[in-house]
Amino acid sequence: MLARMQSHAVMGMDACPVSVEADLGRGLPAFSIVGLPDASVREAKERVRAAVANSQFEFPLRRITVNLAPADLRKEGPQFDLPIALSLLAASGQIKSTLLKHYAAAGELSLDGAVRSISGALSMAEGARRGRLCGLIVPEANAKEAALIGAVEVIGVSSLRQAAAFFCKEEKIEPARVDSAALLGAGLGIEPDLAEVKGQNLARRALEVCAAGGHNLLMIGPPGSGKTMLARRLPSILPRLDINEAIEVTRIYSVAGQLNGSCLISRRPFRSPHHTISHVGLAGGGASPRPGEVSLAHLGVLFLDELPEFSRMALETLRQPMEDGQISVSRALISVTYPSRFMLVAAMNPCPCGYLGDSRRTCSCPPQKVASYRNRISGPLMDRIDVAVEVPSLDKKDLMSTVKREASAPVAARVMAARRRQLERLNGSGVYCNAGMQARQTERFCHPVDDAVRLLESAIDRLGLNARSHQRVLKVARTIADLEGAAAIEPAHLAEAISYRSIDRRGWLGVE
Amino acid sequence: MNLEKPGIKPPDARRQRGRTGEEIARRHLKRRLYRIIETNYRSRYGEIDIIARRGNIIVFIEVKARSGKLLGEPFEAVGPRKQLQIRRMAAMWLAQHQHDERIGSCEFRFDVISVLLAENGGAREFRHIKDAFR
């Protein structure tokens with residue numbers, strides 16, 4: 001007596017089909033699971049046994065062999081409980097159904113037969129669609145998330161009994177449906193708003209430019225000047241996620257098991273890991289890899305406060321994902337790739353004590369300490385930051401001012417318009433914003449007018465711009481022109497872009 | 001304090017206690033319509049106290065008799081090692097009977113019967129744990 005059903009193992013972002021076979025043989029009663037199961041899958045034995053017995057089914061007095069094929073793929077996680085239990089019931093004749101082989105199932109069983117939520121349900125639905133299956137049985141808590149894929153019938157079940165009843169056609173369960181447009185609109189206007197930020201007009205402008213072009217941003221200023229506050233308001237001026245982007249982000253959170261009950265991540269993620277984070281926590285990894293912060297910030301903002309305090313290893317880890325928009329994690333058993341197209345926003349103090357250059361307090365740091373503090377950020381990392389801006393501490397006038405400040409909404413509208421211009425220009429090249437342009441595209445699209453060319457030449461001399469920072473200045477200038485709706489790069493645009501580099505010249509970063 | 005010492009009793013007394021327990025277990029099984037196939041099936045690896053059959057199921061039964069609970073419940077004495085021993089014995093018994101067609105279509109089960117003996121030779125407590133291990 002043999003029964004078989006489909007399930008999936010999540011590898012990176014994708015679900016690989018796994019066939020779950022249960023065979024009841026003659027001989028002394030025994031229960032073994034083969035097919036490279038890890039500890040959590042082997043423990044399924046005890047959960048399945050209790051869940052079957054507690055769901056008013058009989059646990060067969062047979063020599064039970066469960067095989068998870070293909071045998072060379074490592075299976076992990078508790079999501080195999082449900083397909084194992086169902087195929088066991090089918091093999092022992094307690095479920096009589098021809099439907100079984102057309103469905104995939106995934107779910108963790110609790111001892112009383114209830115089905116608990118799992119991670120990666122969205123990827124599994126995608127896997128079921130690719131495998132041309134009729135549908136997918138998932139825990140009720142994951143049904144909506146899996147239904148985002150459409151094209152596959154998603155059946156949410158709350159207990160083993162209910163799943164069995166579905167296959168026996170004793171109970172009809174409506175496939176889960178989601179109104180993705182409504183979900184996408186949910187949670188509007190509860191983000192922190194730019195209107196709450198006092199003063200800091202320079203930094204506000206830099207934030208707008210970065211949002212418009214997708215540029216990475218570094219803010220330098222003393223403690224309490226509002227760096228964190230500004231960064232937290234960046235998502236409110238970025239264009240909203242469209243449905244495909246939202247599903248892409250949701251999928252990462254689903255795989256990481258961080259959806260926490262919501263079924264669609266409708267807003268751009270804002271991740272601010274503490275500076276004690278390990279490079280594995282940042283990049284993703286572990287013996288069985290999980291997405292790290294760079295992937296959880298995909299299509300959103302990765303905010304690194306106190307940048308020099310991060311470990312050297314963690315900072316260097318950022319280079320590949322910033323360059324490629326994805327990160328490959330290789331371990332002894334498996335190698336996976338996670339997407340990681342994020343905007344980096346970093347904040348740092350000008351010196352270890354924090355008050356260098358402050359008008360009201362004096363800095364107590366010896367110069368060599370300041371230099372070594374800044375040297376912790378390597379040149380290659382600095383090379384990838386397009387805009388650096390100073391955020392000075394606020395003076396009395398700004399603090400007490402009651403002037404109405406510009407809110408996020410109008411800024412977001414300008415950013416959106418600028419992004420639309422970029423999309424039209426970069427149409428179909430696989431690049432979505434100015435920051436992502438390759439050298440060839442920069443050459444083609446970033447033409448300064450003649451006056452601006454002369455300005456650029458003098459800047460190259462004065463600031464000692466190298467080839468890469470020259471390119472970066474042009475890209476930022478292009479974004480500033482886009483914000484204004486200008487076709488060509490005017491001297492004013494270029495001047496502003498150069499001002500975001502002046503921090504290099506003063507020896508603020510890296511070598512004096 | 002006058003605790004009863006669970007010390008070593010003469011071998012004869014222990015063997016006698018075991019037999020009493022098995023006798024009580026057999027009477028119980030017969031009342032429940034089990035047909036006893038074999039008792040004290042043994043080899044140099046160990047022993048199965050009772051092999052019985054009811055309907056389609058053949059049951060291998062380990063009987064544990066105790067006179068006091070100082071060492072814990074009687075059935076607690078059937079640990080992983082004892083279980084493995086009984087499984088091995090059961091496999092051996094099956095090998096010997098593999099040509100018996102009546103047994104070929106059967107299912108198998110391991111039970112533990114736990115008896116707490118009274119002074120008069122009866123049972124103070126009796127427990128039949130079905131499907132005790134697999």
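User: How many residues does the contact take from chain A and from chain B?
Analyst: Six residues come from chain A and eight residues from chain B. Keep in mind that this is a predicted model.
User: And by class, what's on the side of chain A that touches chain B?
Analyst: Five nonpolar residues and one charged. No polar ones there.
User: OK, switching to domains. What does the assignment give for chain A?
Analyst: Domain 1 covers 2–167, and domain 2 covers 194–428.
User: How many residues does each of those put into their contact?
Analyst: Domain 1 of chain A gives 15 residues, and domain 2 of chain A gives 17 residues.
User: Which elements on the domain 1 side give two or more?
Analyst: In chain A, those are β1 (2–11), α4 (121–130) and α5 (140–147).
User: What separates the two domain centres?
Analyst: 41 Å, taken over C-alpha atoms of domain 1 and domain 2 of chain A.
User: Now chain A as a whole. How many helices and strands?
Analyst: Chain A has 23 helices and 18 strands. Its C-alpha trace spans about 85 × 45 × 45 Å along the principal axes.
User: What percentage of chain A is buried?
Analyst: 46% of its 512 residues count as buried.
User: And what share of the contacts links residues 24 or more positions apart?
Analyst: In chain A, 74% of the contacts with a separation of 6 or more.

Definitions and conventions: Residues numbered from 1 in each chain as written. Chains lettered and ligands numbered in written order. Predicted model: local features only at pLDDT ≥ 70, side-chain atom pairs only at ≥ 80, totals over all residues. Contact = placed C-beta atoms within 7 Å. Nonpolar A, V, L, I, M, F, W, Y, C, P; charged D, E, K, R; others polar. Domains from an automatic or database assignment. Helix = DSSP H or I, 4+ residues; strand = E, 2+ residues; numbered from the N terminus. Buried ≥ 20, exposed ≤ 12 C-beta atoms within 10 Å, placed from the backbone.
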